[in-house]
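Subject: Structure for your review

Dear colleague,

Please find below the sequence and structure that I am handing over to you.

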Amino acid sequence: MSAQDRLPAPLGLLIDRNAPLTFQFDGKPLQGLAGDSIASALLANGRWLLSRSFKYHRPRGPLSMAGQDANTLVQLPDEPNVLADMQPLAAGQTVTGQNYAGSLDKDRDAVLGHFSTFMPVGFYYRSFFKPKGMWKIWEPLIRKKAGLGVLDLNFQPQYHDKAFLFTDLAVIGAGPAGLSAALAAANAGAKVLLIEQQPYLGGALAWARFDIEGQRGGQLREELLAAVESHANIRILKDATCNAWFTDHYLPVIQGNRLYKVRARQCIVAAGAFDQPVVFRNNDLPGVMLTSAAQRLIKLYAVKPGQRAVLLTGNDDGYLAALDLHEAGVEVAALVDMRSQPIEGRLVTALQTRGITCHSASTVYEALGERHLQAVDIRRISAEGEVAPHSTRIDCDLLCMSAGYMPVYQLLCQAGGKLAYDDASAAFTLSGLPAGLQVAGSVSGRHQLDNVLRDGSDAASRALLALGLASSSEAGDYLAEAPVNFPWPIFAHPKGKEFVDFDEDLQVRDILNATRHGYRDVQLVKRFSTVGMGPSQGRHSALPTARLVAKATGRSVSETGVTTARPPFVAEKLAHIAGRGFDPYRQTAMHQRHLELGAKMMPAGAWQRPAYYGKPEKRDACMQAETRHVREKVGMIDVSTLGGLDVRGPDAAELLNRLYTFAFSKQPVGRSRYALMTNEHGVVIDDGVCARFADRHFYVTATTSGVDRIYQQMLKWNAQWRLDVDITNITAALAAVNLAGPDSRQVLATLCSDVDLSAEGFPYLGVRQGKVAGIPARLLRVGFVGELGYEIHVPARYGEALWDALMEAGKAFDIRPFGVETQRLLRLEKGHVIISQDTDGMTSPAEIDMNWAIARSKPFFIGKRSVEILEAQPLLRKLVGFSLPSGSAQPLEGHLVLKGPDISGNVTSCEYSQTLGQIIGLAYCAPDQATPGQSLPIRVEGGAVVQATVVKLPFYDPDNQRQEL
Amino acid sequence: MSLHAEHFSERSPLYRLHQDAQLNALGDSCIVSNYGAGDERARAAHCGLLDLSNLARVGFRGAASAAYLEARGYQLPAVPNQALSQADGSQVLRMSQAEYLLLGSLQDTGARVRQEELAWQFDDTPNYLLPRQDSHAWLLLSGTCQAEVMAKLCGVDLRAEAFPVGSVAQTSAARINVIIANLPLGELPCLHILCDRASADYFWGALLDAMQEFGGQPVGLDALR
């Protein structure tokens, strides 16, 4: 059949006959139509063999034409395992088969099917590990054969994102029940989100036949769509898969490249039912498909599914489908009914009128053919699962099969629902659903069209009551439902190949063997045999497996149950889960100035900070030059990222007293004091300075990476202590620079006239408030880098103007900006620790010589008791300064300090100091290695050991004269 | 001479993103009046984004804050997470039992609220000033698509029926903390979004990205008038 040879309109609901599309399959150019799926376009071109099965490489054609099986998996250039019956055809698309050796039509690996006897379920568990060491030989061979498709490692990621969607009512499934429910709810004022997996609305109304005349489905669909599509309260998502149900009706819905996170107040699942295959020999041969698949091909794509057909059915719907096929010009050779007669007697007459022979109480025992169906072997059913010896062969190229329907129970079971099966009537029921979750339509066992519609509106009525949009819910009368499931559509064959699970090539005997190995529980059978683990997730295999296990273990299907359904409902891409990446970053007010000055930026938590100014290849030179400038002239660093907390109120000093190790009650206004914080375990967790600007106002700094945590700690503790204090995190509100170097006072003096900047008027550790370049500023005299220096904190809106003013004022003094890495070198020369670089999750104050920062007379601070306990124990390690001659191998942070054959510590900081002409660093070592002058063995890159010398800190300006100028 | 943001010492964290825009003075700083391309008024009505970071805003917190603000002529929302428009166009957002956020009015270019920040004195009364103009950037998302745009960034239902005029949400959007207030300007639907000032560049980009499918773009102040 060529692309032009489609069935006449109005068949072909989805295709545009005026929009031909050219594409390639396995290198052969073909033509399809806009609206086609890849599979429908291939079938329209007479291409029935679409894939090879996973294990035996059997030829496979379409089964469901609804994305419910793995038979249509194909390879796209940038994506393997694409469902050809769901993937829209695109112009110029290149499609290939996958999982074959040679060609799709002549797959050399198909020979494996002849050895299936030797490859029973679980054979690999027992076969490849003996004798010892054999697994290493088998593994590469198995890995080569395992898996489907080929990954494109040069794949360019596409934009995916997520969005929340809020609604009163989510209706999942836009078949007759879903449409009816959506309409009823929307008419009553509810905002409805209608979610449909397929690209069209109406569900079975679009392709199934509901009466002998074949009129009702189409008419009803038109009526419902006219009302639904124009309804202001209904939002429709087509081509959208609700992939799970989570508590409180949190529904992930995938549509295109977007994952909607639906938050619904109420939810109606009208997801329908899966047409079920019959299990007989060669039931997987191309040309054998579900009856619904053939109807979809005709009605949705105007593709004639075969020339001569046989229908195998377990319910009356097969008769109606036979009428569809007949009308589509397919010669219906026979209808084989597994039952003794249909429920609706007129159906037999309707078929006989059209010359269609009916075989009752019979089944197809075997499908015949190599790569496509050629004939079927029909037998009378003599007992459950058994057939009479007399065989009738009917030539055909199409076999439509339907054993009945299984509800699409997956979402409902994820919600906690229990699926029950009545062995007598072969009918399913669902119970135990959570509040606010309704079911409607065939998923709840309603198959009569009038019942389905009624069920939809009744479900809406219950949802409306819960939403407060109705005062009572309705429950109508329902017509009696005819049975739709044939109770035992499984016919084992002595030669096997009656497939229970198409994905995993599992035959009847594979399931039975699992039970013979002692796996009675269906969950264990699943894990042993892998039944239901393939892409179709048991949609067609769960019920026959339950039936087989039940029979083999002498239980009912209800007692056996089905395997657990977990999210996701269909395979989802990691890109959907990841969505659009949100990676927040923070920039200071001077950020652009740093870029303009050629800064090499580095991350500091979420902040972006200048590491140094210059090219990365000249890092060391830049740092040394910047250091020299600070030591000899004046430099400026952006310290806006430093944490800033305003602590205000009558109890401000008391709060700090409890939080930090030092004492703050008597701290004078206008002075700052070092602040060290320990946790309840006595571990050092942060430091900063507390600047007292008023009796009741402290400005507390914290480390860049620690401030958010410290702020939370303050709020937490204060919530317990109930002190009269206000704590505000003003980190982002203040831009700040540290102006440092011997000339810093002179630079500042050109811009600041309302503060006495003299050494006496504004001494070391003093704090002031004034104006710098007309900008209100907090000024702190600090000595982190060991030179005369001023931290200038201003409102962030003025940050860049402050930077500009200081750079301009500093020109006369040859001012130069310096970066974070330079600052780390400067402070290293002063022997100042950086919390979290030179400390870890175990560091106590004594280990880093911070005992001086502890006010022992205080009755309490967080960690006091632990600090005292630790101090009573012998020290286990000590942070020391060390030096190495210039030219030595330079230790890196993390390199190990040795003591004989043992590790006694590690390097935390290390740089070459041009100021000192040697390599300097900080390292943990054993206490008996910590005496200045001792040799400290450090294992450096390549395993060599260098002998550093322990040095008394600080390395530079030991009398602190320069910072106190 | 045309205005340039660097003529002012007060600068929005986003001013470099408006390099080609026409600016207008706004108090001691400036604001984009238009970008000079297309119908910005129509864009604002559909999906527009305006940087209001230079418009005055300030917060007060403490047991005495309510009395302090009432004494200065402000009407206060009765409950937290509500906003109340003042006669002069400024807004008072109640952030908690004892915290208020004042948003300046475009009518007086934020002068009144700016004065509140300058007038406040630290004393013994429990009424602490919060420097919201410096801690937060202020973005205005306008138009009929605002709720759908925000649904791509934020888990709070911001549709008009769930988040009516005067509502305030303190939540997270695009993984940073934000304050969102539904405060239309006349007939124009507007969500006022206050985010960490240091994250403004990031959040502006995240918003524009979310607006793209709706054809949303930045707009100037002229589009709101």
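This is a predicted model: local features need pLDDT of at least 70, side-chain atom pairs count only at pLDDT 80 or more; totals for chains, interfaces and linings use all residues.

Domains of chain A

The domain assignment of chain A lists domain 1 (1–115), domain 2 (161–274 + 407–467), domain 3 (278–402), domain 4 (498–571), domain 5 (637–818) and domain 6 (874–965). Between the C-alpha centres of domain 3 of chain A and domain 5 of chain A there are 85 Å.

Domains of chain B

Chain B is assigned domain 1 (5–54 + 135–224) and domain 2 (57–133). The centres of domain 1 of chain B and domain 2 of chain B, taken over C-alpha atoms, are separated by 21 Å. Their contact draws 23 residues from domain 1 of chain B and 16 residues from domain 2 of chain B.

Two packed helices are described by the angle between their axes and the distance between the axes. Both values are given for each pair below.

Helix 7 (residues 317–327) of chain A packs against helix 8 (residues 346–353) of chain A at an angle of about 25°, and their axes are 10 Å apart. Since angles under 35 degrees count as roughly parallel, helix 7 of chain A and helix 8 of chain A are therefore described as roughly parallel to each other. The crossing of helix 7 of chain A with helix 8 of chain A is left-handed. Helix 7 of chain A contributes Tyr319(A), Leu320(A), Ala322(A) and Leu323(A) to the contact, while helix 8 of chain A contributes Leu347(A), Val348(A), Ala350(A) and Leu351(A). By class, eight of these contact residues are nonpolar, with no polar and no charged residues.

For helix 18 (residues 652–659) of chain A and helix 19 (residues 707–721) of chain A, the axes come within 11 Å and cross at roughly 115°. Helix 18 of chain A and helix 19 of chain A are therefore roughly perpendicular to each other, and their crossing is right-handed. On one side of the contact are Leu655(A), Leu656(A), Arg658(A) and Leu659(A) of helix 18 of chain A; on the other are Met714(A), Trp717(A), Asn718(A) and Trp721(A) of helix 19 of chain A. This contact has six nonpolar residues, one polar and one charged.

Backbone geometry in chain A

The peptide bond from Ala9(A) to Pro10(A) is cis, with omega near 10°; Pro10(A) sits in the segment before strand 1 (16–25) of chain A. A cis peptide bond also leads from Lys130(A) to Pro131(A), with omega near -15°. Pro131(A) belongs to the loop between helix 2 (123–127) and helix 3 (134–145) of chain A.

His57(A), a residue other than glycine, has a positive phi, near 55°. His57(A) is found in the loop between strand 3 (51–52) and strand 4 (59–60) of chain A.

Yours sincerely

Technical notes:
Residues are numbered from 1 along each chain as its sequence is written. Chains are lettered from A and ligands numbered from 1 in the order in which they are written. Side-chain values use heavy atoms; hydrogens and water are left out. Axes are lines fitted to C-alpha atoms, for helices over the stretch in contact, and angles run from 0 to 180 degrees between N-to-C directions. Helices (H or I, at least four residues) and strands (E, at least two) are DSSP runs, numbered from the N terminus. Angles under 35 degrees count as roughly parallel, over 145 as roughly antiparallel, 65 to 115 as roughly perpendicular and the rest as oblique. A crossing is left-handed if the near helix is turned anticlockwise from the far one by less than a right angle, and right-handed if clockwise. Contact means heavy atoms within 4.5 Å. Ala, Val, Leu, Ile, Met, Phe, Trp, Tyr, Cys and Pro count as nonpolar, Asp, Glu, Lys and Arg as charged, and the others, Gly among them, as polar. Domain bounds come from an automatic or database domain assignment.
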